[in-house]
Amino acid sequence: MLVIFVKSAVLLLVVVTTFAYAMLFERKILGWMQLRPGPNRVGPWGLLQPAADAAKLILKEDLTPKTADPLIYRLAPFISLLTAFAVYAVVPFGANGDGSPWAIGDVNAGILFLMAISSIGVYGISLGGWASGSKFPLLGAVRGTAQMISYELSMSLSFVGVLMLAGTTSLTGIVNAQERLWFLIPQALGFVIYVITAVAETNRTPFDLVEAETELVGGFHTEYSGLRFGSFFIAEYVNMLTVSCIATLLFLGGWNAPFGLTLVPGLAWFVLKVGAFMFFYMWLRATLPRFRYDRLMTFGWKVLLPLATLNLVATAAWVALH
Amino acid sequence: MNPYLPVAIFLAVALAAALLFTVLPGLLAQRKPNPLKLEAYECGVEPTSSVSGRFPVRFYLIAMLFVIFDVEAASFYPWAVELHALKLFGLLEMVVFIVVLGIGYAYVWKRGGLAWK
């Protein structure tokens with residue numbers, strides 16, 4: 001009991017620290033891609049920037065607009081943060097020699113747990129925008145809710161191909177099934193659909209229409225300040241990390257070493273793959289402009305959904321006839 | 001040991017952490033009250049009207065379609081895991097299911113349920 005308790009606390013600390021440095025690296029990478037140095041004033045190479053940001057957010061005044069619903073206004077960032085953290089209860093990061101995974105809970109319905117918890121995250125955004133009692137947040141929240149539920153469909157369909165090939169919903173089982181061939185290769189279309197929908201689910205560029213600062217000021221979190229804004233911010237980055245972990249576990253072979261390079265430990269491969277996916281996120285942000293809303297919805301319903309179904313039927317035919 | 005016990009413990013720790021982030025602003029944040037700060041943001045001018053809460057009916061339609069299609073997607077999961085054992089029978093069953101689903105999808109498309117103009 002106590003051991004699990006300590007492990008949980010340590011894992012959460014690791015996740016929050018990863019968030020802090022993912023944010024610093026994003027600003028650095030955006031800086032380099034735009035030929036400027038990025039944050040470099042706080043500490044050597046800007047390494048203490050996350051600590052300075054945290055102190056600023058904690059001490060900043062916490063405002064609640066008088067038109068807001070005070071209880072739900074405070075509840076929304078809490079929901080976002082809790083769901084962002086909660087998924088790490090089942091994510092495995094590596095395995096011992098005997099195959100037992102390094103995870104808090106090794107449940108056999110791991111992928112269902114992930115899907116269930118991360119779907120609750122949409123409440124944080126829709127309630128936060130609605131409870132602010134202000135126009136821009138409401139617009140951002142309504143748009144964001146429709147966007148997230150639309151893309152969630154294709155996302156859950158893109159997992160089905162992986163489940164068919166692995167024959168299990170356990171995340172450890174799925175990684176073990178990729179020992180010889182990563183699912184990236186037989187499920188290439190599924191992976192592309194997953195990447196697109198995952199970027200949309202985490203509301204990142206080019207699908208950041210919930211924030212859309214050029215049209216909606218700050219979108220659903222316009223009225224939030226201080227650590228409540230910070231909670232949404234942490235949740236967004238932790239969700240990015242979760243998405244990168246899922247992509248690694250389901251499509252990129254988890255902690256399996258590529259090309260038989262088993263000399264490097266599995267955890268290092270896992271971290272490397274997650275890091276590469278996070279970098280891809282930041283690269284997207286530096287490169288792509290924002291989608292137009294009607295195109296976003298049309299793309300989700302008229303392109304991604306049929307494609308995901310097609311991928312599902314093709315994979316099913318292959319699995320059933322072999 | 002039940003594999004869900006560690007999950008429950010982790011959820012409790014996550015709950016405590018999220019609660020900490022929720023109460024911390026009340027304890028540490030500075031307060032300099034000012035009636036103007038409590039206005040809803042509207043680009044610096046006084047709010048012209050209250051939030052009406054009315055928005056295009058399309059969003060409701062999307063929500064309803066989502067419920068239908070997501071339930072369908074959920075029914076794929078147990079089938080996908082057991083497809084190794086079900087073989088051709090499982091495949092044909094699901095093709096029938098997808099055809100029925102596809103008819104509904106084509107109908108929604110044709111009636112303009114997916115259009116955003």
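This is a predicted model: local features need pLDDT of at least 70, side-chain atom pairs count only at pLDDT 80 or more; totals for chains, interfaces and linings use all residues.
1. Overall build of chain A. The secondary structure of chain A consists of eleven helices and zero strands, so that, read from the N terminus, its elements follow the order α-α-α-α-α-α-α-α-α-α-α. Along the principal axes, the C-alpha trace of chain A extends over about 60 × 45 × 45 Å.

2. Packing of chain A. Buried residues account for 56% of the 322 residues in chain A. Where contacts in chain A link residues at least 6 apart in sequence, 76% of them join residues at least 24 apart.

3. Helices α1 and α10 of chain A. Helix α1 of chain A covers residues 2-33 and helix α10 of chain A covers residues 266-287; their axes come within 10 Å and cross at roughly 45°.

4. On the α1(A) side the residues are A:A22, A:E26, A:I29, A:L30 and A:M33, and they meet A:M278, A:M282, A:R285 and A:A286 of α10(A). Sorted by class, this contact of α1(A) with α10(A) holds seven nonpolar residues, no polar residues and two charged residues.

5. The contact between the chains. Chain A contributes 66 residues to the contact and chain B contributes 54 residues. On the side of chain A that touches chain B, the elements giving two or more residues are α1, α2 (49-59), α3 (70-86), α5 (135-166), α9 (226-250) and α11 (293-320) of chain A. Of these, α5(A) gives the most, with 13 residues. By class, the residues on this side of chain A comprise 40 nonpolar, 15 polar and eleven charged.

6. B:I9 as a local example. Is B:I9 buried or exposed? This residue, which lies in helix α1 (residues 4-28) of chain B, has 21 C-beta neighbours inside 10 Å and therefore counts as buried. Once neighbours within four places in sequence are left aside, B:I9 is in contact with A:I4, A:F5 and A:S8. By C-alpha to C-alpha distance, B:I9 and B:G44 lie 46 Å apart in space, while they are 35 residues apart in sequence.

Technical notes: Residues are numbered from 1 along each chain as its sequence is written. Chains are lettered from A and ligands numbered from 1 in the order in which they are written. Axes are lines fitted to C-alpha atoms, for helices over the stretch in contact, and angles run from 0 to 180 degrees between N-to-C directions. Helices (H or I, at least four residues) and strands (E, at least two) are DSSP runs, numbered from the N terminus. Two residues are in contact if their C-beta atoms, placed from the backbone, lie within 7 Å. Ala, Val, Leu, Ile, Met, Phe, Trp, Tyr, Cys and Pro count as nonpolar, Asp, Glu, Lys and Arg as charged, and the others, Gly among them, as polar. A residue is buried if 20 or more other C-beta atoms lie within 10 Å of its own, exposed if 12 or fewer, and partly exposed in between; C-beta atoms are placed from the backbone.
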